[in-house]
Amino acid sequence: MQKFKVPEFHGCELHQDTTFDGAKFPPASGNDEAARAYRTLKLAFNKQLALREEQRFFKLEMEEEALREQGLKHWLFWAYKHFSDYGFSVWLPLRWALCVSALMAMLYGVLSVLGNCLLADVATCHFAPQWLTFSLLQTLPAPGMDKMAMVAADKFLPDDGWWGLGVSVLVIFHKAVVIAALFLVGLALRNLFRLK
């Protein structure tokens with residue numbers, strides 16, 4: 001079995017035609033020396049304005065750093081990797097935002113049925129499709145949407161304080177995920193299309 005080593009180029013001047021395409025690197029181990037070696041290469045390629053190579057070694061450095069952290073920092077690194085590929089994926093945060101929005105739409109629909117049929121008189125039971133409008137408006141965190149969302153919410157949510165509290169918690173979670181996803185998409189676009 002072939003063993004891969006972390007490339008060590010401390011203090012070296014790299015030729016402008018240097019590339020690591022096709023190179024194999026060892027799996028991350030949380031080693032401080034490996035993180036420093038990747039950082040050296042990241043900075044060397046940054047000097048050359050070789051964006052793709054710099055990004056490659058930034059990710060490898062982050063993998064090493066993530067394994068060294070404990071507690072909350074460890075989970076932040078984990079989230080940074082899995083939700084945005086360390087700030088380089090446009091699709092990952094969009095996919096998370098779409099999945100969470102679909103899940104929230106289903107929850108709003110369930111709340112609509114519960115509030116209008118199961119917890120009310122059978123005579124007042126009705127289908128209120130406004131939950132779908134409400135869900136879509138929560139997915140677009142733009143100014144002025146809250147007033148339209150409240151109009152839609154009045155149509156499908158029962159007039160009860162506990163329902164309002166529950167929906168408020170869901171809406172806060174929904175908007176937080178969407179705003180975080182938009183931030184990560186913006187970060188990825190900045191990283192991927194940064195001028196050389």
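Student: At what angle do α1 and α2 pack, and how far apart are their axes?
Tutor: In this predicted model, helix α1 (residues 32–47) packs against helix α2 (residues 51–68) at about 160 degrees, and the axes are 8 Å apart.

Student: Roughly parallel or roughly antiparallel, then?
Tutor: Roughly antiparallel, because angles over 145 degrees count that way.

Student: And is the crossing left-handed or right-handed?
Tutor: The α1 and α2 crossing is left-handed.

Student: Which residues make the contact?
Tutor: On the α1 side, Asp32, Ala34, Ala35, Tyr38, Arg39, Leu41, Lys42, Phe45 and Asn46. From α2 come Glu53, Glu54, Phe57, Phe58, Leu60, Glu61, Glu64, Glu65 and Arg68.

Student: How do those divide into nonpolar, polar and charged?
Tutor: Eight residues of the α1–α2 contact are nonpolar, one is polar and nine are charged.

Student: What about salt bridges, how many are there?
Tutor: The count is 10, with a side-chain nitrogen of Lys or Arg within 4 Å of a carboxyl oxygen of Asp or Glu. One of them pairs Lys42 with Glu61, where the closest N and O atoms are 3.0 Å apart.

Student: What does the Lys42 and Glu61 pair tie together?
Tutor: Lys42 is in helix α1 and Glu61 is in helix α2, so the pair links parts 19 residues apart in sequence.

Student: Switching to α3: what span should its 14 residues have?
Tutor: Helix α3 (residues 71–84) should span 20 Å at 1.5 Å a residue, and the end C-alpha atoms are 20 Å apart, which agrees.

Student: Which residue just after α3 takes a positive phi?
Tutor: Asp85, with a phi of about 50 degrees.

Technical notes:
Residues are numbered from 1 along each chain as its sequence is written. This is a predicted model: local features need pLDDT of at least 70, side-chain atom pairs count only at pLDDT 80 or more; totals for chains, interfaces and linings use all residues. Side-chain values use heavy atoms; hydrogens and water are left out. Axes are lines fitted to C-alpha atoms, for helices over the stretch in contact, and angles run from 0 to 180 degrees between N-to-C directions. Helices (H or I, at least four residues) and strands (E, at least two) are DSSP runs, numbered from the N terminus. Angles under 35 degrees count as roughly parallel, over 145 as roughly antiparallel, 65 to 115 as roughly perpendicular and the rest as oblique. A crossing is left-handed if the near helix is turned anticlockwise from the far one by less than a right angle, and right-handed if clockwise. Contact means heavy atoms within 4.5 Å. Ala, Val, Leu, Ile, Met, Phe, Trp, Tyr, Cys and Pro count as nonpolar, Asp, Glu, Lys and Arg as charged, and the others, Gly among them, as polar. The expected span of a helix is 1.5 Å times one less than its number of residues.
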